[in-house]
Amino acid sequence: MDVKFVTALVVLAVMVSQTSETLFPGAFNCCTKISDEIPKGILRRVERFETQKAHGLCHLEAIILHMKGKKFCVNPWNRKVKKMMKKMKHTSKFHVRKQRRTRIAKQKEQKQ
């Protein structure tokens, strides 16, 4: 009877954990600690970032840096992180390349 009780308890615990993750997915993705310093090597390999607000389920403001299956939680007021975020936002825009191509095309047209 002891083995059946323990097995039932384990099955119940697994069911509750899976159900709570599907009902409250954000509750398990919150940063609980943040780093004030982050090496430049990590910042160079960041693929994307998210901002965690200090309201709702998460009680800590943070920037979540994603890189190849890893997450790093950093202080949102860190200068290096702010600079990296600004740079990533600007590099995602392609209007600079378009302008350069049109200038080159115009120069080729003028030479002909």
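Reply: Helices here are DSSP runs of H or I with at least four residues, and strands are DSSP runs of E with at least two, both numbered from the N terminus. By that count, this predicted model has four helices and three strands. Read from the N terminus, the order of the elements is α-α-β-β-β-α-α. Of the 112 residues in the protein, 20% count as buried.

Two elements, α2 (40-44) and α3 (79-91), each give two or more residues to the patch. The most come from α3, which supplies three residues.

Is Lys87 buried or exposed? Exposed means over 50% relative accessible area. Lys87 has 59% relative accessibility, and therefore it counts as exposed.

The strands β2 and β3 can be described in the same way. Strand β2 covers residues 62-67 and strand β3 covers residues 70-74; the two run antiparallel and are joined by five bridges. Within this pairing, Leu65 stands opposite Phe72 of β3. The hairpin made by β2 and β3 has two residues between the strands, and Lys68 in this hairpin takes a positive phi near 40°.

To return to the patch: α2 and α3 are the elements that give two or more residues to it, and α3 gives the most.

Terms used. Residues are numbered from 1 along each chain as its sequence is written. This is a predicted model: local features need pLDDT of at least 70, side-chain atom pairs count only at pLDDT 80 or more; totals for chains, interfaces and linings use all residues. Side-chain values use heavy atoms; hydrogens and water are left out. Buried means under 20% relative accessible area, exposed over 50%, partly exposed in between (1.4 Å probe, protein chains only). Two strands pair if DSSP finds at least two bridges between them.
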